[in-house]
Amino acid sequence: MTIANHLKPANRLTPTDSIVILTGAGISKESGLDTFRCADGIWAKVDLEDVATPEGFARDPALVHRFYNDRRRGLLDPAVQPNAAHAALAALERRWKGEFLLVTQNIDDLHERAGSQALIHMHGELTAVFCGHCGHKVERWTGDLSVEDVCPSCIRKGGMRPDVVWFGEMPYQMERIHRALGACDLFLSIGTSGNVYPAAGFVAEARNAGALTVELNLEPSAGASLFAGSVNGPATEVVPAFVD
Ligand code: BV8
């Protein structure tokens with residue numbers, strides 16, 4: 001089953017229809033970045049309460065900075081490059097005539113490095129930081145961050161944090177995402193376990209709007225039964241095969 005199949009007259013999609021794509025950590029796995037809930041995933045090594053909540057940051061900011069500094073260094077390793085799945089989505093965006101939106105839960109920059117432009121990082125970005133005291137944001141931060149860093153705007157220490165949406169914090173651009181879901185004709189979910197809300201609720205929103213919903217994932221996710229179709233396998237195989 002591919003997009004081309006759905007483009008045939010007998011099927012639902014026309015080349016000017018609207019596509020919304022949601023990606024998760026699975027799309028970056030073959031680029032060498034860890035997922036969260038696989039057996040060897042990030043949450044098997046560290047408690048998310050300690051490193052991905054505002055309470056954890058207040059309790060031990062140095063631990064949280066170490067966690068994100070390690071991941072930022074890992075992301076900036078030259079061996080970590082966008083893979084064929086990232087490239088296939090960027091190529092689809094370039095040739096698609098209708099509305100197109102890529103929403104990622106990932107905080108890596110592999111989609112933009114592959115060329116994606118209509119992109120929302122709903123959980124923030126590892127290479128951006130902001131000041132918890134005054135809100136000043138630094139769009140591109142490639143070094144380590146620590147409690148010693150001084151905000152370039154309010155000149156105070158201790159407030160600089162990764163621009164990452166922690167549990168209990170509102171994800172970015174939710175209104176724009178809900179509008180796109182309410183108007184889409186195809187919703188593709190790629191490389192996500194469907195465990196984290198509100199992202200895990202997007203498939204129901206798209207289906208209620210009449211969209212065709214398809215999951216491309218290594219294995220059926222927690223929400224697999226909510227999708228009209230699914231293709232299981234590694235993203236670098238199933239994504240190019242589906243979208244090309
Ligand atoms: C919020 C930090 C409200 C960044 C993350 C109902 C409604 C709303 C909220 C909730 C709700 N129920 C519970 C909540 C609270 C909570 C939540 O969902 N908890 C869960 C655990 C139950 N949600 C929140 O707190 C959210 N905030 O709702 O705010 C609000 C309202 C008003 C005012 C203020 C606030 C915030 C959620 C974001 C939290 N931040 N991380 C970081 O460090 O990265 S979440 C974390 O999980 C990551 O961001 C990650 O992106 C996300 C989802 O994980 P996945 O990407 O799916 O990764 P995972 O490992 O789980 O799965 C990988 C998949 O890939 C697997 O299926 C695997 O099979 C597959 N795979 C593996 N290899 C491959 C592959 N697929 C293809 N190819 C391969 N090679």
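Where is Asn195 found? Asn195 sits in the loop between strand E7 (186-190) and helix H8 (202-208). Helices (H or I, at least four residues) and strands (E, at least two) are DSSP runs, numbered from the N terminus. The structure is a predicted model, in which local features need pLDDT of at least 70 and side-chain atom pairs count only at pLDDT 80 or more, while totals for chains, interfaces and linings use all residues. Residues are numbered from 1 along each chain as its sequence is written, and side-chain values use heavy atoms, with hydrogens and water left out.

Asn195 counts as partly exposed, at 42% relative accessibility. The cut-offs are under 20% relative accessible area for buried and over 50% for exposed, with partly exposed in between (1.4 Å probe, protein chains only). Asn195 touches Arg37, Ala200 and Ala222, not counting residues up to four places away in sequence. Contact here means heavy atoms within 4.5 Å. The side chains of Asn195 and Ser193 are joined by a polar contact of 2.8 Å. Such a contact is a pair of N or O atoms within 3.5 Å; within protein, one must be able to donate a hydrogen and the other to accept it, and residues adjacent in sequence count only if both atoms are side-chain atoms. Asn195 and Ser221 are 26 residues apart along the chain, and their C-alpha atoms are separated by 8.4 Å.

The loop between E7 and H8 also holds Pro198. The peptide bond from Tyr197 to Pro198 is cis, with omega near 0°. Most residues other than glycine have a negative phi, and most peptide bonds are trans. Two residues depart from the phi pattern. Phi of Ile155 is near 60°, a positive value in a residue other than glycine. Ile155 lies in the loop between E5 and strand E6 (160-164) and is exposed, at 58% relative accessibility. Gln173 is not a glycine either, yet has a positive phi of about 55°. Gln173 belongs to the loop between E6 and H7 and is partly exposed, with a relative accessible area of 40%.

A cavity is a set of points, on a 1 Å grid over the protein atoms alone, where a 1.4 Å probe fits but cannot get out; a pocket is an open set with protein on both sides within 12 Å along at least five of seven lines, and lining residues have an atom within 4 Å of a point. Grid points are joined across faces, edges and corners, and a volume is the space filled by probe spheres set on the points. The count comes to one cavity of 30 Å³ or more. About 90 Å³ of space lies in the largest cavity. Its lining has 14 residues, and the closest to its centre are Ser189, Thr192, Gly194, Ala200 and Phe227. By class, the lining of this cavity has seven nonpolar, six polar and one charged. Ala, Val, Leu, Ile, Met, Phe, Trp, Tyr, Cys and Pro count as nonpolar, Asp, Glu, Lys and Arg as charged, and the others, Gly among them, as polar. Ser189 lies in strand E7 and is buried, at 3% relative accessibility. Beyond four places in sequence, Ser189 touches Leu22, Val214, Glu215, Leu216 and Phe227.

The second largest pocket holds about 200 Å³ of space. Strand E1 (19-23), strand E2 (100-104) and helix H7 (174-182) each supply at least two residues of its lining. H7 gives the most, with three residues. The lining of this pocket has seven nonpolar, one polar and three charged residues.

Annotated positions come last. UniProt positions are given in the numbering used here, feature names are shortened, and annotations may be inferred rather than shown by experiment. The UniProt feature "binding site" (unreviewed entry) is placed at Cys131, Cys134, Cys151 and Cys154. They are spread over 24 residues of sequence but cluster in space, with a largest C-alpha distance of 8.5 Å. Cys131 is found in strand E4 (residues 124-131) and is buried, at 1% relative accessibility. Cys134 is in the loop between E4 and strand E5 (137-138) and is partly exposed, at 36%. The annotation "binding site" (unreviewed entry) in UniProt also covers Tyr68 and Arg71. Tyr68 lies in helix H4 (residues 61-75) and is buried, with a relative accessible area of 2%. Arg71 lies in helix H4.
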